[in-house]
Amino acid sequence: MPRDKGWAEPSPAEPNPAPVTPDTGRSRSLVPLIGTPAHAEAEPGRSLAVAWGRLARLVPGRGLRTRARQDAEFEAAAREAYRSARRLESGAPLVPAPPAPRSAAAPTPEPSPAPVATPATVPAPQGGLVAKPATRPTTPTTASASAPTTPGAASATALDAAAAASSASAWATPPRHPAEQSATPDRAPEAVSPAPPRRRQPGDTAPDFLLRAPTSVSPKADDFFEGLVRHVERDR
Amino acid sequence: MRMIALSNNKGGSGKTTTAVNLASALGERGLRVLVVDLDPQGSATMWLGGRESSIGLVEFSAGGTRVSEMVRSSTAPGVDLIPTSPSLVPSSRGSENQTGLALVRGFHRLPDYWDVVLVDTPPTLGYLSLAPLVACGHIVIPVEAHALAMPGVASVIASIDRARRNVNPHVELLGIVACRVNPTSHVRDIVGQLRARFGPVVLEHTVRDAIRIAEAPALRLPITRYAPVSGVANDYRAVAAELLARLGDLSST
């Protein structure tokens, strides 16, 4: 192989040889260091990207910031899930989670109370009763109550107000983190959730209701047996 | 001849499965066995290779019909079959008691040819499940190892009690067979509760849950022929041996 030109001429046997440095004779290409991907010949740009990606893994400290951010997001999502589970256990109504930035680690958020297109916000059809335009965001719950003005519009408006009040109060008292609860023992304790049913243990006796025959059994059997006796006596 | 009714008012408890495979296991031992299918669905009839017949116990009880016209051979060695028949379901509701009485008379007219007669009953509380309590001397309750199966056992025991008081003082509960038993702690718990509640009448041997049992009816073969060396076939053999031991001398009636 001629070395004076600095770069090797492609030979028929090697259609795509790696460049070689003139001083050391070592390959200048990164690909031989980490292996040639199967698609290297078809997509040279992609092979370079793959090579850089693999090299980047060798750089110490790479990805630490990303990892820390993902850990924080995961922690927040886990806390929210824990709070939801606590609320479910205590039988409290579920409160819509405050909007949080989505991330891959975060769970799917609950339906947000953002304005939705409802009959209250959509212009009324011509010739129909004119609905009072909504001046604030309506949740799906309130929308159904404040929808088209009808003879029951007054009660619907009252329902709307009540729903809005309950929604506002729910937002005003976000669920507390368990750590906060333990840190503030002077506060009144929340309603104690009912204890989960104890699992049956081997040796437990069967509950009584499982050992009782249905009350219809005895009368039905008696009817049949007495009917048989009557038939036999009649035949005699 | 010992007449044994397999009874449980709960569906899916294993009555038909136990009737067919217990009969086959008894037949393997050289006994002459007759299976009477009182379930209008005819599952035992189909499983044993028979088909619905126009001549059943109801017609037989009226006389004029020979046993050979009613009894069919089956795919299980040593096992004969009285298939289900349309006459088990009377056309008018008021004649149910008459049909029940005809069944009892039909049972009593059976010749003393077979060693064991096994009666498969439907999963309903009615004349088809109560008539065998009048005609048979022994009752076996197959029970699925499930919590909701326990009221079915209590129901049959209540019916036996009523039958004994009213019409058949000799009827007795021969055994409770736990079926479809799998190796979970829950099922062990259920079987333990059965033993705790009903005592030694619960058989020592249980029948395991096995896919072979589900496959066998499609080939119309009992498990002792379809999978003769399987664990569940051996379960039925063990149950048959235990029930025979409880029956004692078969020659005495």
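Tutor: Two residues are in contact if their C-beta atoms, placed from the backbone, lie within 7 Å. This is a predicted model: local features need pLDDT of at least 70, side-chain atom pairs count only at pLDDT 80 or more, and totals for chains, interfaces and linings use all residues. Residues are numbered from 1 along each chain as its sequence is written, while chains are lettered from A and ligands numbered from 1 in the order in which they are written.

Student: Leaving aside neighbours within four places in sequence, which residues is B:Val119 in contact with?
Tutor: Neighbours within four places in sequence are left out. The partners are B:Met3, B:Ile4, B:Ala5, B:Leu6, B:Val36, B:Leu38, B:Pro132 and B:Cys136.

Student: How many residues does the largest nonpolar core have?
Tutor: Such a core is a set of buried Ala, Val, Leu, Ile, Met, Phe, Trp, Tyr and Cys residues joined through C-beta atoms within 7 Å. Buried means 20 or more other C-beta atoms within 10 Å of a residue's own; exposed means 12 or fewer, and partly exposed is in between. Among the residues with the most contacts inside the core are B:Ile4, B:Val119 and B:Ile139. The core's residue count is 85.

Student: Which element gives the largest share of this core?
Tutor: Helices (H or I, at least four residues) and strands (E, at least two) are DSSP runs, numbered from the N terminus. The largest share is seven residues. They come from helix 6 of chain B.

Student: At what angle do helix 5 and helix 6 of chain B pack?
Tutor: Axes are lines fitted to C-alpha atoms, for helices over the stretch in contact, and angles run from 0 to 180 degrees between N-to-C directions. Helix 5 spans residues 96-109 and helix 6 spans residues 127-135. Their axes are 9 Å apart. The angle is about 35°.

Student: Is B:Arg180 buried or exposed?
Tutor: B:Arg180 sits in the loop between strand 7 (172-179) and helix 8 (185-198) of chain B. Its phi is positive, near 50°, in a residue other than glycine. Because 22 other C-beta atoms lie within 10 Å, B:Arg180 is buried.

Student: What does B:Arg220 count as, with 18 C-beta neighbours inside 10 Å?
Tutor: B:Arg220 lies in the loop between helix 9 (211-219) and helix 10 (223-226) of chain B. Phi of B:Arg220 is also positive, near 60°. With 18 C-beta neighbours inside 10 Å, B:Arg220 counts as partly exposed.
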